[in-house]
Structures are given as structure tokens and as C-alpha cells.
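Hello,

Here is the structure I promised to pass on to you. Please take a look at it first, and then read my notes below.

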Amino acid sequence: MTDRLQAILHRLPPPALDHSLDQLEPQVWARIDRLRPAGAAALTSGLRFQLAAAALALVVGMALGWANTSVNRSRSDESLLYASYIETGPMARLESGL
């Protein structure tokens, strides 16, 4: 079976190349070099935007953290512990007579 297949394959004409591939690599590198300056500028502007966004997020986070710690210093820790349960907690029910 394989001998017959080999014979059929040998009878086929060799494929004709529509383009010569000997200069393919230099053509590809020339195309990359032509496109590289535009890509480098886009990369630089994208990097600047990412750095600006990261800096803004850092500043906003630090401001919120600083504001939160300054507010928490003025209150006592005990009142903040149960602040969300004041009206529905067990102490409120006992004080209001169930």
C-alpha cells in the first residue's frame, strides 16, 4: 500500500512557488523598521497614561486614608464598634422596653 502511495506522490509535479522566499526575512524586517517609530510613540503615550492613572489612584487613596484616620481619632473606639447596630441591637431593645 505504501509503495503505491509513494509512486503516486512521485508522479505529482513539484509545487510551483508564486513568490521567491529567499528575500522574505529582509522584507519582513524592513516592514517592521518602517512601523517601529509609530509603535514606539504609541507605547510611550500609553505608558504615560498608565503612570498618571497610578499616581492619581495613589494620591486619592492616601487622601481618603488620611481623612479616615483623622475622623476616627476624634471618636471613641467603643462607639464605632456598634455604630451600625445602635437602633436594632439588643441594648436598644432593652432600653426601649422590647
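A helix here is a DSSP run of at least four residues (H or I), and helices are numbered from the N terminus. With that in mind, the protein chain reads α-α-α-α along its sequence: four helices and zero strands.

Please keep in mind that this is a predicted model. The mean pLDDT of the protein chain is 77, and 64% of the residues reach at least 70. Confidence is highest in helix 1 (residues 2-11), at 88, and lowest in helix 3 (residues 77-81), where the mean is 56.

Of the 98 residues in the protein chain, 2% are buried. The accessible surface is about 9700 Å², with 65% of it belonging to carbon and sulfur atoms.

Leu-17 sits in the loop between helix 1 and helix 2 (24-74). Is Leu-17 buried or exposed? Its relative accessibility is 67%, so Leu-17 counts as exposed, the cut-off being over 50%.

Best wishes

Note on methods
Residues numbered from 1 in each chain as written. Predicted model: local features only at pLDDT ≥ 70, side-chain atom pairs only at ≥ 80, totals over all residues. Heavy atoms only, no water. pLDDT = per-residue confidence, 0-100. Helix = DSSP H or I, 4+ residues; strand = E, 2+ residues; numbered from the N terminus. Buried < 20%, exposed > 50% of the residue type's maximum accessible area, 1.4 Å probe, protein only. Areas by Shrake-Rupley, 256 points an atom, 1.4 Å probe, with all protein chains shown as cover.
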